[in-house]
Amino acid sequence: DALGLYKNVYQELMAVPVIPGHKTEKEKFAGGYMTTTVEAYIPMSGRAIQGATSHNLGQNFGKMFDIQYQNTEGKLSIPWQTSWGLTTRSLGVMIMVHGDD
């Protein structure tokens with residue numbers, strides 16, 4: 001799963017400890033079904049930063065933008081969509097955790 005992948009990238013490749021979890025109803029991607037995240041702690045500021053996210057967008061965006069595909073029965077269906085994000089922010093997090101002044 002995406003959450004496990006993100007956690008491994010941060011902890012095994014960048015030596016940055018993270019806390020994996022799910023966003024609350026108010027924090028999740030607007031219009032989405034569910035959002036997972038890894039959060040890293042930045043010792044110099046005493047704050048946490050969102051490291052990477054994965055969004056289960058459900059069928060809301062397919063309905064809103066009239067996105068369809070032909071299923072195995074030959075009928076049109078609305079897809080379930082996801083969005084993953086492991087970006088250059090990850091490099092910034094690594095520098096903030098391991099860097100100095």
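A search of the whole structure, a predicted model, turns up 2 salt bridges, a salt bridge being a side-chain nitrogen of Lys or Arg within 4 Å of a carboxyl oxygen of Asp or Glu. Side chains of opposite charge can pair when their charged atoms come close. In one of the bridges, K23 meets E39 at 3.1 Å, N to O. K23 sits in the loop between β1 (18-22) and β2 (34-42) while E39 belongs to strand β2, so the pair ties together parts that are 16 residues apart in sequence. E39 comes out as partly exposed, at 22% relative accessibility; here buried means under 20% relative accessible area, exposed over 50%, and partly exposed in between (1.4 Å probe, protein chains only).

The side chains of K28 and E25 also form a salt bridge, at 2.8 Å from N to O. As for charge overall, the protein carries 8 positive and 9 negative charges, and their mean positions are 8 Å apart. Lys and Arg are taken as positive and Asp and Glu as negative, with His and the chain ends not counted; each charge is placed at NZ of Lys, CZ of Arg, CG of Asp or CD of Glu.

Residues are numbered from 1 along each chain as its sequence is written. Local features need pLDDT of at least 70 and side-chain atom pairs count only at pLDDT 80 or more, while totals for chains, interfaces and linings use all residues; side-chain values use heavy atoms, with hydrogens and water left out.

Turning to the fold, the protein has 3 helices and 6 strands, running α-β-β-β-α-β-β-β-α from the N terminus. These are DSSP runs, numbered from the N terminus (helices: H or I, at least four residues; strands: E, at least two). T53 lies in strand β3 (residues 47-58) and is buried, with 11% relative accessibility. Beyond its neighbours within four places in sequence, T53 touches Y6, T35, T36, T37, S83, W84 and G85, contact meaning heavy atoms within 4.5 Å. Among contacts between residues at least 6 apart in sequence, 48% join residues at least 24 apart.

Overall, the C-alpha atoms fill a box of roughly 60 × 25 × 20 Å along the principal axes. Buried residues account for 33% of the 101.
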